[in-house]
Amino acid sequence: FDIDAPRWDQSTFVGRLKHFFNITDPRTVLVPEKELDRAKALVEGCRAGLVPPGSSREQLLYAKKLYDSSFHPDSGEKMNLIGRMSFQVPGGMALTGCMLQFYRTVPAVVFWQWMNQSFNAIVNYTNRNAASPISLRQIGVAYLTATSTALATAVGLNLYTKGDPSAPPHSIAVSSLHLPIHPGHCSPLPVPSREIINGITVTDGDNNELGCSRRAAVKGIAQVVVSRITMAAPGMIILPIIMERLEKFPFMQVSPSLTLSFSLSHSLLFMVPVACALFPQRCSLALADLETELRDSIVAKHGDKVPYVYFNKGL
């Protein structure tokens with residue numbers, strides 16, 4: 001039994017979708033720390049060929065599910081709870097409910113957008129490519145850039161929509177909520193410029209390091225941005241249309257914020273794995289597409305045995 005062999009074909013979208021539905025399961029955030037540590041020990045034991053006697057295949061697969069959802073694929077370190085993709089639904093639902101409820105004043109918009117962008121920053125940092133180090137200064141610059149852009153967008157939209165007397169309350173809330181989300185998603189921590197300038201580590205098919213590639217960084221960052229926008233887009237595009245129809249019903253008059261938050265949580269429950277599955281997490285790049293210096297170095301050492309290089313693009 002190979003504990004690291006994918007349960008589903010990761011070269012297909014359907015296979016990746018099943019994989020991410022598995023590891024973004026929100027129920028895993030309730031698993032105690034001790035059980036996560038046991039899962040890690042079991043996975044590492046299996047990798048060393050030390051499968052505990054009596055272990056069933058189901059037990060091993062469940063341990064791998066917990067491991068993949070809670071430990072970073074590059075470093076093997078336990079990810080913080082807030083930054084895990086399995087926390088996107090409960091965390092996103094809670095923040096969305098607050099942003100939808102408290103949008104009527106500028107201070108409230110500023111506070112909850114700051115909370116939301118801080119949440120995005122934690123998620124982006126936690127799911128980064130961890131093969132390359134990053135300084136606290138670089139983290140701070142990226143955080144301030146994404147947060148200030150989102151806050152300016154949120155406050156501007158809030159003031160603009162309030163000036164339209166024909167705008168229903170939910171449209172003000174939705175526009176103030178969703179449009180500012182995208183600056184945070186499009187500036188994933190750690191700083192993209194650092195990875196583009198310095199490159200990210202690439203390996204061969206056996207995970208042997210070959211060097212650092214800037215072109216690999218560009219490809220990985222572009223795919224992450226597309227995934228993050230895809231994750232947020234349905235709530236921004238489809239949700240206002242749905243709410244336009246639902247506002248006529250009596251239950252919407254009782255608690256429109258709760259209804260909006262509940263609707264978005266279902267969107268997140270589906271869109272988080274869909275967005276993550278758009279591209280393989282272990283991304284590849286043809287040798288011919290690498291920088292000339294790195295390509296020549298690889299050819300000199302390995303000849304034509306390395307047609308592709310691989311790297312973790314992050315989530």
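This is a guided walk through the predicted model shown above, from its overall make-up to a few of its residues.

The model is predicted, so local features are described only at pLDDT of at least 70 and side-chain atom pairs only at pLDDT 80 or more, while totals for chains, interfaces and linings use all residues. Residues are numbered from 1 along each chain as its sequence is written, and side-chain values use heavy atoms, with hydrogens and water left out.

Let's begin with the whole protein. It has 13 helices and four strands; these are DSSP runs numbered from the N terminus, with helices being H or I over at least four residues and strands being E over at least two. The protein has 315 residues, and 49% of them count as buried. Here buried means under 20% relative accessible area, exposed means over 50%, and partly exposed lies in between, using a 1.4 Å probe and protein chains only. Contact means heavy atoms within 4.5 Å. Among contacts between residues at least 6 apart in sequence, 75% join residues at least 24 apart.

For a closer look, start with leucine 42, which sits in helix α2 (residues 33-47). Leaving aside residues up to four places away in sequence, leucine 42 touches Pro52, Gln59, Leu60 and Ala63. Glutamine 59 is 17 residues from leucine 42 along the chain, and their C-alpha atoms are 9.5 Å apart.

Next come the aromatic rings. Rings of Phe, Tyr and Trp (its six-membered ring) pair if their centres lie within 6.5 Å; planes under 30 degrees apart count as stacked, over 60 as edge-to-face and the rest as tilted. That rule gives four aromatic pairs. One of them is stacked: tyrosine 67 and phenylalanine 71, at 5.2 Å centre to centre with 15° between the planes. Both tyrosine 67 and phenylalanine 71 are buried. Phenylalanine 111 and tryptophan 114 make a tilted pair, with 6.0 Å between centres and 45° between planes. These two residues are about one helical turn apart because they lie three residues from each other in helix α5 (residues 106-126). Phenylalanine 111 is partly exposed at 39% relative accessibility, and tryptophan 114 is partly exposed at 37%. Phe111 and Trp114 also belong to an aromatic cluster with Trp112.

What does Phe111 form on the surface with Trp114 and Met115? The three make a nonpolar patch with about 270 Å² of accessible area together. Patches take residues with over 30% relative accessible area and no salt bridge, joining like charges within 9 Å and nonpolar side chains (Val, Leu, Ile, Met, Phe, Trp, Tyr) within 5 Å. A salt bridge is a side-chain nitrogen of Lys or Arg within 4 Å of a carboxyl oxygen of Asp or Glu.

Finally, turn to threonine 203 in strand β1 (residues 200-203). Threonine 203 counts as buried, at 12% relative accessibility. Not counting residues up to four places away in sequence, its contacts include Asn208, Arg282 and Tyr310. Arginine 282 lies over the face of tyrosine 310, 4.5 Å from the ring centre; a charge sits over a ring if NZ of Lys or CZ of Arg is within 6 Å of the ring centre and within 35 degrees of the ring normal. Asparagine 207 belongs to the loop between β1 and β2 (209-213), and is exposed at 53% relative accessibility. Its phi is near 65°, a positive value in a residue other than glycine.

Note on methods
Accessible areas come from the Shrake-Rupley method with a 1.4 Å probe; for residues, only the protein chains shown count as cover.
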